[in-house]
Amino acid sequence: MDSTLALVILIIGIALVFDFINGFHDAANSVATVVATQVLTPGQAVIWAAVFNFAAAFSALALGTGVADTVGKGMVKPEEVTLYVVMAGLVGATVWDLVTWYFGLPSSSSHALMGGLSGAAMARVAKTRGITHIFEALIQSGWIKTLIAIAVSPILGLVIAYSLMVVVYWLFRRSSPHTMDVYFRRLQLVSAAFFSYSHGSNDAMKTMGVITLVLVTSGNLSTFKVPIWVIFAAHAAIGLGTMSGGWRIIRTMGARLTKLKPRGGFCAETGAAISITLATLADVPVSTTHVIAGAIAGVGSVQRIKAVRWGLATTIVWAWVLTIPASAAVAWVTFEVIRLVVAGA
């Protein structure tokens, strides 16, 4: 086995580990509401979510891999990407995911990945052309689209979930809360499945994009087209990660942000799933963490604004704001370390 092939296999392995951690980290997104409302136990919920995370692979086969294309060739200029840049980017994203998991903060794995790749590419440009040229590594249009999504996605999740909650209260205005919960405990199984499916259809594509980028950069693919085996490997990794669960973040998202009933859980999951599905169809890599947090806040604010713990929500927002620069910084340092070990990296 030559050294390049060995490096490709190593980086693909790191990418799948990141995907697993993404599922582990984002298990809260998929199951927090259904656990908080006690419709399913934590064990049942993660299995339910994992199944639909993996099932989303078939949507990639049917509808295409536009999100993977955006991440793999729409954020960082391909000519600035080397195998070591991808490796450093993955390490930066993984480290930030683990740090935020440890502190129970639901930051975005998606933005950590994009920040990591960008930070590593900028580090390479800083060495080859000077630090004043670092932003030349980035594709402006891809970043504008992503930054707009960062701002819009949680608001869209909030608005859709809020609207659904208002509609539900109007439709069941003559029903008791107990009667509503009888219906929505069953319906929440559907909404949880829908959300997990949409989560898999958007999040797994980001790793698919990175693995395909590795294959193109190494010369193993002549054009940027996601192989079928990459589609299934990425969805399997994120599904297995979801099954392992991230209980610290589940507690933050499902219980501490606002109190949820089955009707609220249904509206939050459905609103978030609609928002993510629209983004996937538009080839936009959004943060499922941002969307579901916004949706949960929207549901809570229907009762009264104070029902949402806005102090905790502010802490979560700060974690979001820091994700891209923090993962970029870790990736930059990682690339510098790689350069010390590997000449010409």
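Me: Let's start with isoleucine 47. Is its side buried, exposed or partly exposed?
Reply: Isoleucine 47 is partly exposed, at 45% relative accessible area. Keep in mind that this is a predicted model.

Me: Okay, and where does isoleucine 47 lie?
Reply: Isoleucine 47 is part of helix 2.

Me: Which residues make the nonpolar surface patch?
Reply: Isoleucine 47 is one of them: the patch is made by Phe20, Ile47, Val51, Leu240 and Met243, and covers about 450 Å².

Me: And which helices supply at least two residues each?
Reply: Helix 2 and helix 9 do that for the nonpolar patch.

Me: Switching to rings. How many aromatic pairs does the structure hold?
Reply: Six aromatic pairs. Phenylalanine 54 and phenylalanine 232 make up one of them, with 6.1 Å from centre to centre and 45 degrees between the planes, and that pair is tilted.

Me: Why does that pair tie together parts that are 178 residues apart in sequence?
Reply: Because phenylalanine 54 lies in helix 2, residues 42-55, while phenylalanine 232 lies in helix 9, residues 228-244.

Me: What about the rings of phenylalanine 58 and phenylalanine 232?
Reply: Their centres are 5.6 Å apart and their planes are at 75 degrees, so this pair is edge-to-face; the cut-off for that is over 60 degrees. Phenylalanine 58 lies in helix 3, residues 57-63, and phenylalanine 232 in helix 9, so the pair links parts 174 residues apart in sequence. Phenylalanine 58 is partly exposed, with a relative accessible area of 48%.

Me: Which residues form an aromatic cluster?
Reply: Phe172, Tyr183, Phe184 and Phe266 form one.

Me: Next, what sits over the ring of tryptophan 170?
Reply: The charged end of arginine 173, which is 4.1 Å from the ring centre.

Me: New topic: serine 275. Where is its place, and is serine 275 buried or exposed?
Reply: Serine 275 is in helix 11, residues 262-281. Serine 275 counts as buried because its relative accessible area is 4%, and buried means under 20%.

Me: What is serine 275 in contact with, leaving aside its neighbours within four places in sequence?
Reply: With those neighbours set aside, serine 275 is in contact with Ser153, Leu156, Gly157, Ile160 and Val291.

How values were computed
Residues are numbered from 1 along each chain as its sequence is written. This is a predicted model: local features need pLDDT of at least 70, side-chain atom pairs count only at pLDDT 80 or more; totals for chains, interfaces and linings use all residues. Side-chain values use heavy atoms; hydrogens and water are left out. Rings of Phe, Tyr and Trp (its six-membered ring) pair if their centres lie within 6.5 Å; planes under 30 degrees apart count as stacked, over 60 as edge-to-face and the rest as tilted. Helices (H or I, at least four residues) and strands (E, at least two) are DSSP runs, numbered from the N terminus. Buried means under 20% relative accessible area, exposed over 50%, partly exposed in between (1.4 Å probe, protein chains only). A charge sits over a ring if NZ of Lys or CZ of Arg is within 6 Å of the ring centre and within 35 degrees of the ring normal. Patches are made of residues with over 30% relative accessible area and no salt bridge: like charges are joined within 9 Å, nonpolar side chains (Val, Leu, Ile, Met, Phe, Trp, Tyr) within 5 Å. Accessible areas come from the Shrake-Rupley method with a 1.4 Å probe; for residues, only the protein chains shown count as cover. A salt bridge is a side-chain nitrogen of Lys or Arg within 4 Å of a carboxyl oxygen of Asp or Glu. Contact means heavy atoms within 4.5 Å.
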